[in-house]
Amino acid sequence: MGVLLVVMFIVFVAIGVPISFALGVVSFTGIASLGQIPNLVVFQKMFNGLNSFTLLAVPLFILAANLMNEGEITEKLIDCCNSLVGHLRGGLAYSNVLVSMIFAGISGSSQADTAGVGKIFIPAMEKQGYDKGTSVGVTAASSTLGSIIPPSITMVVYAGIANVSTGALFMSGLVPGILLGLAMMVVVNYSKRKNFPKCDRVPFKEVCRRTFQSLPALLTPIILIGGIVSGLFTPTESAAFACIYALLVGIFFYKTIKVKNLPRILIETMKLSSLSLFALATANALGELLAYYQLNVVVQNFF
């Protein structure tokens, strides 16, 4: 039966069924076919898998990113990065990676990074003369930094499941994330043979002005990571602080967030966060099935 369930999962993934749904169907089918475990266990395991204070950080970090986008804080950050590297050959590609590195320290999510940065950079790069493959490829590659550079939702989830220090995980991902971002810039530099376009050099006074305007966004990663590592607040509390911070900055500093738009922002946040949370819930249900078949014992004996 175990082999049949594995084949079923592979078939579902091969035909394009989302992994979260494939996990859920396999879990329910496997437990229902046993007849010894109540079907209700599937839903109990799914609920218990999400019944964690730590996992509350997932939708909160995504909400913070959406508030940043709604408040045009992301645009200010992009303007700042463009003023620094836009005059180089392939400047928008450099700026894409640089913004993703900074935005990763705010959202902690690759999906939020792709949604927030991609919808601005991809059309802008195509308009300036980049081909679609390069525009999408650079954006997709740089968005992966959201799962490496702290605060990372992936690290928060792992810390909650494995019961390890979130601060230690964040510090372990900081240097590799920065090095990976720099490596992406090196790849962009070696692609000069494609004759990437470049922008005019921005005067130093204008660079200072744009940097000041994006200062709230630039300070956010420092505040969040510093607060978690120093023990001032937990990852979930830091995510809640990021939401309040982004909301206040958008309302009072940039004056771009309207109260009437908050319901729409919350709905978008729930849609985006449900992708990863539902996959985690179904994975917990699958864990009950694997425990019944004692897969851990089989793996230990195999190795």
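Student: Buried is under 20% relative accessible area, exposed is over 50%, and partly exposed is in between. Which of these is Phe278?

Tutor: Phe278 has a relative accessible area of 32%, so it is partly exposed. Bear in mind that this is a predicted model.

Student: And Phe21, which class?

Tutor: Phe21 counts as partly exposed because its relative accessibility is 47%.

Student: How many aromatic pairs are there in the whole structure?

Tutor: A search of the whole structure turns up six aromatic pairs. Phe21 and Phe278 form a tilted one, at 5.3 Å centre to centre with 50 degrees between the planes.

Student: Where do those two sit in the chain?

Tutor: Phe21 is in helix H2 (residues 19–34) and Phe278 is in helix H14, 257 residues apart, and the pair links these distant parts of the chain.

Student: What is the geometry of Tyr130 and Phe196?

Tutor: Tyr130 and Phe196 are also an aromatic pair, tilted, with 5.2 Å between centres and 35 degrees between planes. Tyr130 is in the loop between H7 and helix H8 (132–143), and Phe196 is in the loop between helix H10 (166–189) and H11, so the pair ties together parts 66 residues apart in sequence.

Student: Tyr130 and Phe196: buried or exposed?

Tutor: Both Tyr130 and Phe196 are buried. Elsewhere, Phe233, Phe241 and Tyr245 make up one aromatic cluster.

Student: New topic. Where is Thr282, and what does it touch?

Tutor: Thr282 is in helix H14 (residues 262–292). Not counting residues up to four places away in sequence, Thr282 touches Ser20, Leu23, Gly24, Ser27 and Met46.

Student: Why is Thr282 classed as it is for burial?

Tutor: Thr282 counts as buried because its relative accessible area is 1%. Its side chain reaches the backbone oxygen of Ser20 at 3.2 Å.

Student: What about Ser27, and what does its side chain reach?

Tutor: The side chain of Ser27 reaches the backbone oxygen of Leu23 at 2.7 Å. Ser27 lies in helix H2 and has a relative accessible area of 0%, so it is buried. Leaving aside neighbours within four places in sequence, Ser27 contacts Val42, Thr282, Ala285, Leu286 and Leu289.

Student: Switching to H5. How many residues, and what span?

Tutor: Helix H5 (residues 73–85) has 13 residues and spans 19 Å from its first C-alpha to its last, close to the 18 Å expected at 1.5 Å a residue.

Student: Which residues of H5 are buried, and what do they pack against?

Tutor: The buried ones are Ile73, Thr74, Leu77, Ile78, Cys80, Cys81, Asn82, Ser83 and Val85. They pack against several helices, including helix H4 (57–70), helix H6 (91–107) and helix H13 (235–253).

Student: Cysteines, then. How many disulfides?

Tutor: The search of the whole structure finds zero disulfides. Cys81 has a relative accessibility of 1%, so it counts as buried.

Student: And Cys208, how far to the nearest cysteine sulfur?

Tutor: For Cys208 the nearest cysteine sulfur is that of Cys80, 9.8 Å away, and Cys208 is in no disulfide. Cys208 counts as partly exposed because its relative accessibility is 37%.

Student: How many residues are in the largest nonpolar core?

Tutor: The largest nonpolar core has 61 residues, and Leu67, Val99 and Phe121 have the most contacts inside it. Val99 touches Leu77, Ile78, Cys81, Val117 and Phe121, not counting residues up to four places away in sequence. There is a second, separate core of 13 residues, with Val26, Val42, Met46 and Leu289 among them.

Student: Last one. Where does Leu55 lie?

Tutor: Leu55 lies in the loop between helix H3 (40–50) and H4. Its relative accessible area is 8%, so Leu55 is buried.

Student: What is Leu55 in contact with?

Tutor: Leaving aside neighbours within four places in sequence, Leu55 contacts Gly49, Leu50, Val157, Leu277 and Leu280. The C-alpha atoms of Leu55 and Pro235 are separated by 9.2 Å, although the two residues are 180 residues apart along the chain.

Definitions and conventions:
Residues numbered from 1 in each chain as written. Predicted model: local features only at pLDDT ≥ 70, side-chain atom pairs only at ≥ 80, totals over all residues. Heavy atoms only, no water. Helix = DSSP H or I, 4+ residues; strand = E, 2+ residues; numbered from the N terminus. Expected span 1.5 Å × (residues − 1). Buried < 20%, exposed > 50% of the residue type's maximum accessible area, 1.4 Å probe, protein only. Contact = heavy atoms within 4.5 Å. Polar contact = N/O pair within 3.5 Å; in protein donor to acceptor, adjacent residues only side chain to side chain. Phe/Tyr/Trp six-rings, centres within 6.5 Å; stacked < 30°, edge-to-face > 60°. Disulfide = S-S within 2.5 Å. Core = buried A, V, L, I, M, F, W, Y, C linked by side-chain atoms within 4.5 Å.
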